[in-house]
Amino acid sequence: MLFETHTLSNGIRLIHRQVDQKVAHCGIILNTGSRDETDAEWGIAHFIEHVIFKGTSKRKAYHILNRMEDVGGELNAYTTKEETCIYATFLDKDYKRALELISDITFNSTFPEKELEKEKEVVLDEINSYKDSPSELIFDDFEDLIFKHHPIGRNILGTPENIKKFTKKDIQNFIKNHFHTDQMVISSVGNISFKKLIKIVEAFFGAIPENTRTNKRVKPQIYKPRTLVVEKNTHQRHCILGNIAYDLNDDKRIPLSLLTNLLGGPGMNSRLNLSLRERHGLAYNIESNYSPYVDTGVVSIYFGTDKGYLDKCLSLIYKEMDLLCTKKLGAMQLKRAKNQILGQIAISCENNENLMLSVGKSYLLYDKIDSQQVIYDKIESITAEELLEVSNEILNKDNLTTLMYK
């Protein structure tokens, strides 16, 4: 899979894959997110994602929203704890339109006070709706428990008190302090030559003043396992348990990804799904997840169940984790686990929007892209002994933090 790269004089990087398809995807990914906020700024990175569409020096909100929609395209954005992304999907003939718009809203947004006040109500409603979804809320509460008193543990939405206080100056200060050109990647997958793409990108991003990151992120403090039970007036009981895990630069992140996929990944044949749902009928939703960050990571197992089944579910989960910690996978078991995740990766890469976003993030973090074959080789090289070692480091019952909504 061929990717071409280019770096602008201001430090912004470009990565592109040319494909023979009418639909194209591109976006700008910034290495900043909610973990970069101060206590007073909690929620501002996500708020900026909302208000960045509300007007620029040459466009009003209406014109921004219609710029891509008028040609059948889509404009979107997201915020995570460590990144912000603005991206578009469009016909290949509209590359110039898409990149000009992304540049305009990223660097020329004016944040009109009237629009800020309207969008505050939208975000406040989003916060309240989130509180009504315990199966989603529990993940943020869990990371807050894991990373106690550290910004990476906080949810990205912020608090109503903070949202109401944010001003145009607050937004501009956050952008000035965290939108660094050497921490930006423009990612593209579409039917355009790289030479032509470079000309378009240089035209709309080349004159952006260089702004290099000098501040460093603070690593989370020493981890201590905790257990917390929260009373919730819900029909189901929700539970999540897990541990800190390997960061984005740790070689063990790949065996851990395989392990969590085997334990409770999206496949219906995951060990936890077979045990809790298929054999015992105790839970509709059971899953395990691994989220690596630049200097830490977290593994979690979540399930929702009826009140009387909570202890039984936990017992079955501990049993599956204990098996992975004490018994090596057989050759056929390991082969099936590898084939499954290899197939999932291949299918994901067939979605060009997913490919554009994942490649852009990889290039942002590592300044290189591993070919699919390199990734496949790394997975194929994983041994049963490595998985056993990782299981004992991450799934050790004594090191687990547990959060329950009862």
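**Entry: Asp398**

I looked up Asp398 and found it exposed, at 66% relative accessibility. My cut-offs for this word: buried is under 20% relative accessible area, exposed is over 50%, and partly exposed is in between, with a 1.4 Å probe and protein chains only. Asp398 sits in the loop between helix 15 (384–394) and strand 11 (401–405). Helices here are DSSP runs of H or I with at least four residues, strands are runs of E with at least two, and both are numbered from the N terminus. I also checked Asp398 against Pro225: they are 173 residues apart in sequence, yet 7.8 Å apart in space, C-alpha to C-alpha.

A note to myself on the source: this is a predicted model, where local features need pLDDT of at least 70, side-chain atom pairs count only at pLDDT 80 or more, and totals for chains, interfaces and linings use all residues. Residues are numbered from 1 along each chain as its sequence is written, and side-chain values use heavy atoms, with hydrogens and water left out.

Phe111 has a phi near 50°, which is positive although the residue is not glycine. I found Phe111 in the loop between helix 3 and helix 4 (113–131). Is Phe111 buried or exposed? At 3% relative accessibility, Phe111 is buried.

His149 also has a positive phi without being glycine, near 65°. His149 lies in the loop between helix 5 and helix 6 (160–165). At 74% relative accessibility, His149 counts as exposed.

**Entry: salt bridges**

Side chains of opposite charge can pair when their charged atoms come close. I counted a salt bridge when a side-chain nitrogen of Lys or Arg is within 4 Å of a carboxyl oxygen of Asp or Glu. By this rule I get 21 salt bridges.

One of them joins Glu100 and Arg59, at 2.7 Å from N to O. Glu100 is in helix 3 (residues 95–107) and Arg59 is in the loop between helix 1 (44–51) and helix 2 (61–69), so this pair ties together parts 41 residues apart in sequence. Glu100 is buried, with a relative accessible area of 10%. Arg59 is buried too, with 12%.

Next I checked Lys81 and Glu143, whose side chains meet in a salt bridge at 2.8 Å, N to O. This pair links distant parts of the chain: Lys81 is in the loop between strand 4 and strand 5, Glu143 is in helix 5 (residues 134–146), and they are 62 residues apart. Both Lys81 and Glu143 are buried.

Then came Glu380 and Lys335, with a salt bridge at 3.9 Å, N to O. Glu380 lies in helix 14 (residues 372–380) and Lys335 in helix 12 (residues 331–349), so the pair ties together parts 45 residues apart in sequence. Glu380 is partly exposed at 33% relative accessibility, and Lys335 is partly exposed at 38%. I also noted that salt bridges with shared partners join Lys58, Arg59, Glu100 and Asp104 into one network.

**Entry: helix 3**

How many of the 13 residues of helix 3 are buried? I found ten, so helix 3 is largely enclosed by the rest of the structure. Among the buried ones are Tyr95, Leu99, Glu100, Asp104 and Thr106. I checked its length as well: at 1.5 Å a residue (times one less than the number of residues), the 13 residues of helix 3 should span 18 Å, and the end C-alpha atoms are 18 Å apart, which agrees.

I traced six strands forming an open sheet in the order 1-2-6-3-5-4, with mixed pairing. Two strands pair if DSSP finds at least two bridges between them. The edge strands, each pairing on one side only, are strand 1 (4–7) and strand 4 (74–79). Strand 4 and strand 5 (residues 84–91) run antiparallel and are joined by six bridges. I looked up Leu75 and found that its bridge partner in strand 5 is Ala88.

**Entry: UniProt domains**

UniProt, in an unreviewed entry, places "domain: Peptidase M16 N-terminal" at residues 20–159. Its positions are given in the numbering used here, feature names are shortened, and annotations may be inferred rather than shown by experiment. Over residues 20–159 I read 44% helix and 16% strand, with the end C-alpha atoms 45 Å apart. For "domain: Peptidase M16 C-terminal", UniProt (unreviewed entry) lists residues 165–340. Over residues 165–340 the chain is 41% helix and 22% strand, and the end C-alpha atoms are 48 Å apart.
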